[in-house]
Amino acid sequence: MSQRIGVWFGQGLHSALAARAAWGQLQAEYPGADWVLFGPRGSLFLFEMDARVPVYIPLRALEPRRPAQTRLSYYLEKRAQFKKLRGLKLNLCIGVSALADLPEQNQQADAQFQHVQKMLGVGGQFMQQELSGFLQAERPLLQAGPQALAYATQLYRKTSPSLIKAVALLCAEENAPSLDLQWQALQCSLAQLGGNTHLTVAAVVGENRLLARQLSASQPGWLQLGLPQAMGLIAYADRVISASEAITLICAEMGRSDRLLLVKSHS
């Protein structure tokens, strides 16, 4: 009988890309196994078009409490999900984590994985190294999902085909310079675009409602979107201008680095 193996990764783009890169190596190590991937709901879009991943289960334990949800309700919700997942009868669970700058973040990822193993009643191994180490592995190109492509198609529907489609992407990431600083850093690059260019400015704000409200008032001309829609724009654009590490990584995974005009952002 074939083995059933779970692969777990935690919050953040780095760990999601690490899991994506490690997937092929793991499949080679355990040929013929049935696979289940556990991760945050917010990272599902990175695996949506990946034919190698048969099942992706968003873990409630990797999500914060909902507004007004009690601690008890949150705890019971997490426990109920783990109880259900025990029914998968995994033979093994493998944790994948990209090393963070802070040691406590790495310890937290290790502790989270150990907790998942305990709740699932299964042994396994924990793979933790620099993201660059994971990215040495061969993997298919990252593809934007159908909704992201439909979003970009709609956006560019009325754009003349003779124009160069340029998109300036600002990204509200943790530890990144503010959007205003990123925007200032892009100005020289934007000035070089020339007249036959259709420029779209988009801010990746994700679930940050406060920032979204502030931007609606201060920069009404900017699009506001999440990383999945940004991938749609990257797929269509002839030129991507950004000072964001997240956008740089996604362009590389999509095989679009040649279209990226990378700007050094001064934090």
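# Exercises on a predicted model

Leu46 lies in the loop between β2 and β3; helices (H or I, at least four residues) and strands (E, at least two) are DSSP runs, numbered from the N terminus. The model is predicted: local features need pLDDT of at least 70, side-chain atom pairs count only at pLDDT 80 or more, and totals for chains, interfaces and linings use all residues. Residues are numbered from 1 along each chain as its sequence is written, and side-chain values use heavy atoms, with hydrogens and water left out.

## Exercise 1: a loop residue

Determine whether Leu46 is buried or exposed, and state which residues it is in contact with beyond its neighbours within four places in sequence.

*Solution.* 

Step 1. The relative accessible area of Leu46 is 3%, so Leu46 counts as buried (buried: under 20% relative accessible area; exposed: over 50%; partly exposed: in between; 1.4 Å probe, protein chains only).

Step 2. With the neighbours within four places set aside, the contacts of Leu46 are Leu13, Ala16, Leu17, Arg20, Leu142 and Met231 (contact: heavy atoms within 4.5 Å).

Step 3. Gln69 is 23 residues from Leu46 along the chain, and 28 Å separates their C-alpha atoms.

## Exercise 2: the five-stranded sheet

Give the order of the five strands in the open sheet and identify its edge strands.

*Solution.* 

Step 1. The order is β3-β2-β1-β4-β5, and the pairing is parallel (two strands pair if DSSP finds at least two bridges between them).

Step 2. The edge strands, each of which pairs on one side only, are β3 (56-58) and β5 (124-129).

Step 3. From one strand to the next, the twist averages 20 degrees (axes are lines fitted to C-alpha atoms, for helices over the stretch in contact; angles run from 0 to 180 degrees between N-to-C directions).

Step 4. Helix α3 (residues 103-120) packs on the sheet and touches β1, β2, β4 (92-98) and β5. The direction of α3 makes about 165 degrees with that of β5.

Step 5. Strand β1 (residues 4-9) is joined to the parallel strand β2 (residues 34-39) by five bridges; Asp34 in β2 is the bridge partner of Arg4. Five bridges also join β1 to β4, where Ile5 stands opposite Leu92. Between β4 and β5 there are six bridges, and Ser97 stands opposite Gln128 in β5.

## Exercise 3: strand β4

State how many residues of β4 are buried and which of them point each way.

*Solution.* 

Step 1. Seven of the seven residues of β4 are buried.

Step 2. Leu92, Ile94, Val96 and Ala98 point one way, while Cys93, Gly95 and Ser97 point the other way.

Step 3. With α3 and β5, strand β4 makes a right-handed β-α-β unit (right-handed: with the strands pointing away from the viewer, the path from the first strand over the helix to the second runs clockwise).

## Exercise 4: an aromatic pair

Classify the aromatic pair Tyr156 and Tyr236 and locate its two residues.

*Solution.* 

Step 1. The centres are 6.3 Å apart and the planes make 35 degrees, a tilted pair (rings of Phe, Tyr and Trp, its six-membered ring, pair if their centres lie within 6.5 Å; planes under 30 degrees apart are stacked, over 60 edge-to-face, the rest tilted).

Step 2. Tyr156 belongs to helix α5 and Tyr236 to helix α8, 80 residues apart.

Step 3. At 7% relative accessible area Tyr156 is buried, whereas Tyr236, at 32%, counts as partly exposed.
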